[in-house]
Structures are given as C-alpha cells and as structure tokens.
Amino acid sequence: GARMNIGSTAPVVGIGKTGIKMAAEWDQTMAAMTAVTKKPRAEIDALGKGLLETSKKFTFGGNEMATTWLHVTEAGFSARAAQIFAAEGANYATAVFDGAERTAAAYRDVTLSLASSMRVFYPEVVNAANATGNFQPLIDRAKNSTATLTTVLNNSASRADDFNEAFKMLFPTARLVGMSFEETAIAIGMMADKGVLGSRAG
C-alpha cells in the first residue's frame, strides 16, 4: 500500500546518496579530462562511456578507472591511448593482484608503468596510433605486453608489487642498452628467482 516505514526506506536513501556522489565524481573527472585534453566534452563523454562499460568486467569501479584514465592522460598520452591503457591496466591488475592487494592505487600504479613502458619500447606504435587514428595496433601491443608481464610473474618468485617497482625503474635503462620489452621482463623475473626483488632489481 501507500504506507512504508522508515527502516525500509533508509537503504534506498543511502543508495541514492551514494549514486549522487559517484555521479558527481564522474562528472568532475570528465570535466578534468576535457580541460587536460582540450577535446570537446562530447568526445570525452563518449570515451568515458566506453570505459564505463569496460569497468563492468572488473572489480575496479567506473570512477576508479576514470581517475586512472585521467592520470595516464596527464602523463602525456592522448585521451584514446590513455583509455586503452586504463582498460588493459585493469585486465593486468586483475590477473596479478589477489584479494586485498587489488586496490585502486595498485591498479593505477601498474597502468602508469604499462603506459610509460609502451612509450619507451614502442614509440612508433603510440605515435602512429595518434597520427592515423587507427588504435588497433596499440591495443594489440598493449594486450601482448600485459600477457608477457603476467606470464613472467606467474612463472617467477616475484610478487606483483615488487615486479612493478623493478620494472618501472629498469625499463628506461634497459631500452637504452638495446633490451626488448620481453627481455626486460624476463630479466626481472630471473633476478627475483635469485632473491633480488623490487627496487633492488632496478
């Protein structure tokens, strides 16, 4: 009937407030993306909608993924490239972090490392994607790279956070001396097997 007690309405009110807060956070992030990229808001909203759909596959929420997307964009990547890395970073973080370790901060950290390593090891792929608007090669390269990292992690003594710490410290130098992405990842895994972990490996 028309009557409803206060106890039964409290959860509805709580959900409503949470939804309003999440929507406000999302709008703030989209506004920040628009300011950083200087792209039309409609274009950012369209990319954001795609990321929101992607977030349904992961434990990371839409706002967490959007915030990471913003951080990657602020690191100098185009909105579309950063969106790709935000999505693939979530896939990677989900594969290598367990339980309480699978935090928004851990996700952001590995995503930023992934994006930066792509720019160092595969600048031609990143630049071509931005120049031509064909981002499929970049998507493929990002997927292959996270598959490599996941395989090395699963077959070495390294923990995900230690591996990422070593990787982000080592990959700029590794590239300079001619090592490939795969060789760098494998080298870190081998060092972990010998007890050299985290920043010590870098």
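Thr94 is partly exposed, because its relative accessible area is 24%, a value between the limits of 20% for buried and 50% for exposed residues. The model from which this value is computed is a predicted one. Thr94 belongs to helix 4. Apart from neighbours within four places in sequence, Thr94 is in contact with Phe58, Phe60 and Arg102. Thr59 stands 35 residues from Thr94 in sequence, yet the two C-alpha atoms are 7.9 Å apart in space.

The space within the largest pocket amounts to about 220 Å³. Its lining consists of 14 residues, and those nearest the centre are Thr54, Ile84, Ala87, Glu88 and Lys143. Two or more lining residues come from each of helix 2 (41-55), helix 4 (79-96) and helix 7 (136-154). Sorted by class, the lining holds six nonpolar, four polar and four charged residues.

A further part of the structure is the packing of two other helices. In general, a packed pair of helices is described by the angle and the distance between the two axes. For helix 3 (residues 62-74) and helix 5 (residues 104-121), the axes come within 10 Å and cross at roughly 35°. The crossing of helix 3 with helix 5 is right-handed. On the side of helix 3, the residues that meet helix 5 are Glu64, Met65, Thr68, His71 and Val72. Helix 5 contributes Ala104, Tyr107, Arg108, Thr111, Leu112 and Ala115 to this contact. By class, the residues in the contact are six nonpolar, three polar and two charged.

Definitions and conventions
Residues are numbered from 1 along each chain as its sequence is written. This is a predicted model: local features need pLDDT of at least 70, side-chain atom pairs count only at pLDDT 80 or more; totals for chains, interfaces and linings use all residues. Side-chain values use heavy atoms; hydrogens and water are left out. Axes are lines fitted to C-alpha atoms, for helices over the stretch in contact, and angles run from 0 to 180 degrees between N-to-C directions. Helices (H or I, at least four residues) and strands (E, at least two) are DSSP runs, numbered from the N terminus. A crossing is left-handed if the near helix is turned anticlockwise from the far one by less than a right angle, and right-handed if clockwise. Contact means heavy atoms within 4.5 Å. Ala, Val, Leu, Ile, Met, Phe, Trp, Tyr, Cys and Pro count as nonpolar, Asp, Glu, Lys and Arg as charged, and the others, Gly among them, as polar. On a 1 Å grid over the protein atoms alone, a cavity is a set of points where a 1.4 Å probe fits but cannot get out, and a pocket is an open set with protein on both sides within 12 Å along at least five of seven lines; lining residues have an atom within 4 Å of a point. Grid points are joined across faces, edges and corners, and a volume is the space filled by probe spheres set on the points. Buried means under 20% relative accessible area, exposed over 50%, partly exposed in between (1.4 Å probe, protein chains only).
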